[in-house]
Amino acid sequence: MLSNEEAYNLIKEEKLFLNPPIIDLAHTKYNFEMESITQKNFKFFVDIEVKAEAIKIELSVGRYKTWKTSHNHRSKSVGNIGLLRVDFGGKHKNPSRANEHVPSWIARFAGKYFERYEPHVHIYVETYSMQRLKWAVPLEVFDFDGKAFSVKAINSIDDLERVTREFEAIINARNRIRFMKSLFWYG
């Protein structure tokens with residue numbers, strides 16, 4: 001089991017994608033392997049899942065389709081532990097009570113239920129399940145070491161690419177995922 005500090009240090013660890021990954025949008029699930037720059041035996045993964053959902057979000061100018069996406073960062077080197085995930089379009093309920101291991105900036109959301117229209121960020125918390133990220137905070141309050149997400153909804157490939165860039169910055173990736181914009185992609 002990792003402490004919160006150990007998990008957060010793994011998130012901050014400088015990393016490289018092993019093969020320059022490409023998102024071609026012909027698929028909906030991606031799994032990219034990463035390696036620590038300073039500790040070559042430390043392996044990480046970034047999982048990205050994108051799918052169109054029959055969800056509508058009301059905006060002042062009309063209704064738009066939103067895409068569900070999940071960017072997940074996990075460490076294989078310490079037992080395939082989830083470290084950080086950002087969700088757009090997913091539902092989630094936090095545990096009803098926080099123990100002494102839950103940082104106060106996360107604990108204030110004990111029992112919170114996130115609807116599909118509420119983007120949120122899951123983060124590792126000590127003593128909770130090793131593989132599932134049980135705790136989340138609203139996207140708009142998430143700040144990790146001065147890094148945050150500016151994208152509030154994913155309505156286009158450009159939004160998806162921007163949230164991916166912000167995710168790469170938060171997990172300290174030193175190279176980038178490439179996007180191949182396909183004729184089959186529409187928004």
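Reply: The charged end of K112 sits over the ring of F114, 4.9 Å from its centre. That label applies if NZ of Lys or CZ of Arg is within 6 Å of the ring centre and within 35 degrees of the ring normal. This is a predicted model, where local features need pLDDT of at least 70 and side-chain atom pairs count only at pLDDT 80 or more, while totals for chains, interfaces and linings use all residues. Residues are numbered from 1 along each chain as its sequence is written, and side-chain values use heavy atoms, with hydrogens and water left out.

Back to K112: its relative accessible area is 24%, so K112 is partly exposed (buried is under 20%, exposed is over 50%, partly exposed is in between, with a 1.4 Å probe and protein chains only). K112 also forms a salt bridge with E118, with 2.9 Å between the closest N and O atoms. By salt bridge I mean a side-chain nitrogen of Lys or Arg within 4 Å of a carboxyl oxygen of Asp or Glu. Another lysine, K15, lies over the face of F44, 5.0 Å from the ring centre.

The structure holds 9 salt bridges. One of them pairs E14 with R174, again with closest N and O atoms 2.9 Å apart. E14 is in the loop between helix 1 (4-12) and strand 1 (15-17), and R174 is in the loop between helix 3 (157-170) and strand 11 (178-179), so this pair ties together parts 160 residues apart in sequence. Helices (H or I, at least four residues) and strands (E, at least two) are DSSP runs, numbered from the N terminus. E14 has 33% relative accessibility, so it counts as partly exposed, and R174, at 47%, counts as partly exposed too.

Now for helix 3, where D159 and R162 both lie, 3 residues apart, about one turn of the helix. Their side chains meet in a salt bridge at 3.2 Å, N to O. D159 counts as buried at 13% relative accessibility, whereas R162 counts as partly exposed at 40%.

Rings of Phe, Tyr and Trp (its six-membered ring) pair if their centres lie within 6.5 Å; planes under 30 degrees apart are stacked, over 60 edge-to-face, and the rest tilted. F17 and F32 are edge-to-face, 6.2 Å centre to centre with 90 degrees between the planes, and both are buried.
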